[in-house]
2 protein chains.
Amino acid sequence: MTYCVGVLLDRGFVLASDSRTNAGVDDIATFRKMTIFEKPGTHLIAMVAAGNLSLTQSVVSLLGEWANNGEPELDLNQTKTMYRVAHLVGRAVNEVHRLEAEALASQSIEFNPTFVIGGQIGNERPRLFHVYSAGNFIEASPDTPFFQIGEIKYGKPVFDRLLKSSMPLAEAAKLILISFDSTMRSNLSVGLPIDLLCYEADSLRVTHLRRLTDADGYMAGVRKQWGEGLRRVFETVPPPGLDG
Amino acid sequence: MTYCVGVLLDRGFVLASDSRTNAGVDDIATFRKMTIFEKPGTHLIAMVAAGNLSLTQSVVSLLGEWANNGEPELDLNQTKTMYRVAHLVGRAVNEVHRLEAEALASQSIEFNPTFVIGGQIGNERPRLFHVYSAGNFIEASPDTPFFQIGEIKYGKPVFDRLLKSSMPLAEAAKLILISFDSTMRSNLSVGLPIDLLCYEADSLRVTHLRRLTDADGYMAGVRKQWGEGLRRVFETVPPPGLDG
């Protein structure tokens, strides 16, 4: 499976993706699921992907080919608004559907590529989109400033309880990584390394990009500190009276 | 949807069920999903159910009819071991499948009744089973001393992190209710009241049975204390370094 998150903040956005793929528990591999289109000073667009890897990779490959074939309206790097970026990604999803869906359906394989796209172009504000497998898409707003794709449930409660648009980037990154820890603990098909991108509004370039691996210790620290902290909180909550 | 949990402890077991049913978000109702077969001094058997309400109710009705038709091997109240109870519930599930599945399939309705059953009969130890919609079942063991059915994901991380078989009943009940709070916060189709049953090993009767409603305040307290506690823990976890 996969777990990816995008969080839109007052001061920018944060995207993260795991890198585990599996075709059954006996076929696990590591693939990067984050793609970045950057032209410093002009735009920064980043997307994370969930769903069948052959499909999400095809969408990304197609966007790459389109960017080089000379038609400005198909070139993600010449797009003027994030709305048009989301639309273009949706078009690529539709094109992959046209090419692949029938053959996949004949083998009962679901057409399921989905994307979370964060970006800022020129003077537009930073924006965050969720593109579905039909190519349609929605945009994040302050009411619900995050999108999750893939294995979304185990890691959702911490967002529902703790996320605020006013958080600094680093705090949101921490919350995202706690959400990843909950997810990885409960579903083995989501796994390290995690690609983490932080984008500071109006910088128009990658602000921070980090790959968190087993080796660097941060995730192990989160697991330990969060787990021990929950245990302490658990002890402070009184048990229910059992005679009611 | 539904959320039900059973936890097997060294000192007994705890079962809990929500009571929300929905046939679409425009058709919400309250139904009890916990059934108790008790003969004080002889046995205490309790089951919670998830899946299509017409199917789970049919299974329970059938078990009730069987208990009164004079055939001892179909009478749950005359069963000698919890293994045979699980088997009998599985037989009732199979019988409902025989009666209903074809008509349901013709309208693309899934046959999905599942049950968690806790109980103790005579000198046997307390045991906990999970009966699937095919009538097959598994038994809890110290490695994984809990079963969830229905909307299981949002409430699983706290069990993965905090549950221990050595917990007192009241602590396990508290953990279950925290798990319910996480689930209800993230999925509106799970809702109060919650039926909570605690069984103390070798008592052979209901130890504590409580219905937690909006009115009694305990769940509101859990939400507040747990939410605030998580916020405090969150503040103590250092953010990731973002220059790596």
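# A tour of the contact between chain A and chain B

Start with the two chains: the contact takes 47 residues from chain A and 47 residues from chain B. Keep in mind throughout that the model is predicted. Together, chain A and chain B bury about 4600 Å², with 64% of that area on carbon and sulfur atoms. Now select Arg161(A), Phe234(A) and Leu242(A): these residues supply 20% of the area that chain A buries against chain B, more than any other three residues.

**Polar and charged pairs across the contact**

Next, show the polar contacts. Between chain A and chain B there are 18 residue pairs in polar contact, both residues at pLDDT 80 or more. The number of salt bridges between the two chains is four. To view a salt bridge, select Asp181(A) and Arg161(B), whose side chains meet at 2.9 Å, N to O.

**Elements on the chain A side**

Colour chain A by secondary structure. The elements that give two or more residues to the side touching chain B are helix H3 (156–162), helix H4 (169–186), strand S11 (194–200), strand S12 (208–212) and helix H5 (218–236) of chain A. Which element gives the largest share of that side? H5(A) does, with 14 residues.

**Lysines over rings**

Select Lys174(A) and Phe234(B). The charged end of Lys174(A) sits over the ring of Phe234(B), 4.2 Å from the ring centre. Then pick Lys174(B) and Phe234(A): here Lys174(B) lies over the face of Phe234(A), at 4.1 Å from the ring centre.

**A salt bridge within chain A**

Over all chains the structure holds 28 salt bridges. For one of them, select Asp195(A) and Arg32(A), whose side chains meet at 3.3 Å, N to O. Asp195(A) belongs to strand S11 of chain A and Arg32(A) to the loop between strand S4 (28–30) and strand S5 (34–39) of chain A, so this pair ties together parts that are 163 residues apart in sequence.

**Backbone stops**

Move to the loop between H4 and S11 of chain A, where Pro193(A) is placed. Is the peptide bond from Leu192(A) to Pro193(A) cis or trans? This bond is cis, with omega near -5°. In chain B, go to Pro193(B), in the loop between helix H4 (169–186) and strand S11 (194–200) of that chain. The peptide bond from Leu192(B) to Pro193(B) is cis, and its omega is near -5°.

Back in chain A, select Leu204(A), in the loop between S11 and S12. Leu204(A) has phi near 55°, a positive value in a residue other than glycine.

**Aromatic rings**

Finish with the rings. A search of the whole structure gives ten aromatic pairs over all chains. For a group of rings to display together, select Tyr83(A), Phe129(A) and Phe137(A), which form one aromatic cluster.

Note on methods: Residues are numbered from 1 along each chain as its sequence is written. Chains are lettered from A and ligands numbered from 1 in the order in which they are written. This is a predicted model: local features need pLDDT of at least 70, side-chain atom pairs count only at pLDDT 80 or more; totals for chains, interfaces and linings use all residues. Side-chain values use heavy atoms; hydrogens and water are left out. Rings of Phe, Tyr and Trp (its six-membered ring) pair if their centres lie within 6.5 Å; planes under 30 degrees apart count as stacked, over 60 as edge-to-face and the rest as tilted. A charge sits over a ring if NZ of Lys or CZ of Arg is within 6 Å of the ring centre and within 35 degrees of the ring normal. Contact means heavy atoms within 4.5 Å. Buried area is the accessible area (1.4 Å probe) that two parts lose on being put together, summed over both. A polar contact is a pair of N or O atoms within 3.5 Å; within protein, one must be able to donate a hydrogen and the other to accept it, and residues adjacent in sequence count only if both atoms are side-chain atoms. Helices (H or I, at least four residues) and strands (E, at least two) are DSSP runs, numbered from the N terminus.
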